[in-house]
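Keep the structure in view as you read.

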Amino acid sequence: MGENGTYDAKPKVILAKLMQADFSLSRKAGGDLLSGKAGDWVLQYDVGDFGVCEQVRFAQAYTQV
């Protein structure tokens, strides 16, 4: 840890919602504005901490628990 090299992310359970329309939302962490389109997923990592993921990438990276 703390050295240059290859790392793998620790698994973390998140909430995800498939969006049916274009959208924007304010992200508490960093205070920036996120936006996406219908078919994208909104990911909630923590209270007020969100991300946006396109459908193709979501299908590659996430599995339902």
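The lining of the largest pocket has 10 nonpolar, 2 polar and 2 charged residues. Here Ala, Val, Leu, Ile, Met, Phe, Trp, Tyr, Cys and Pro count as nonpolar, Asp, Glu, Lys and Arg as charged, and the others, Gly among them, as polar. This is a predicted model, where local features need pLDDT of at least 70 and side-chain atom pairs count only at pLDDT 80 or more, while totals for chains, interfaces and linings use all residues. Residues are numbered from 1 along each chain as its sequence is written, and side-chain values use heavy atoms, with hydrogens and water left out.

**The largest pocket**

- This pocket holds about 420 Å³ of space; a pocket is an open set of points on a 1 Å grid over the protein atoms alone, where a 1.4 Å probe fits, with protein on both sides within 12 Å along at least five of seven lines.
- Ile14, Tyr62, Thr63, Gln64 and Val65 are the closest to its centre among the 14 lining residues, which have an atom within 4 Å of a point.
- Strand E1 (15-18) and helix H1 (55-61) each give at least two residues to the lining (DSSP runs: helices are H or I, at least four residues; strands are E, at least two; numbered from the N terminus).
- H1 supplies the largest share, 3 residues.

**The salt bridges**

- There are 2 salt bridges, each a side-chain nitrogen of Lys or Arg within 4 Å of a carboxyl oxygen of Asp or Glu.
- Lys37 pairs with Asp40, with the closest N and O atoms 3.7 Å apart.
- Glu54 and Lys37 form a salt bridge at 3.6 Å, N to O, and they sit 17 residues apart in the chain.
- Together, Lys37, Asp40 and Glu54 make a network of salt bridges.

Methods:
Grid points are joined across faces, edges and corners, and a volume is the space filled by probe spheres set on the points.
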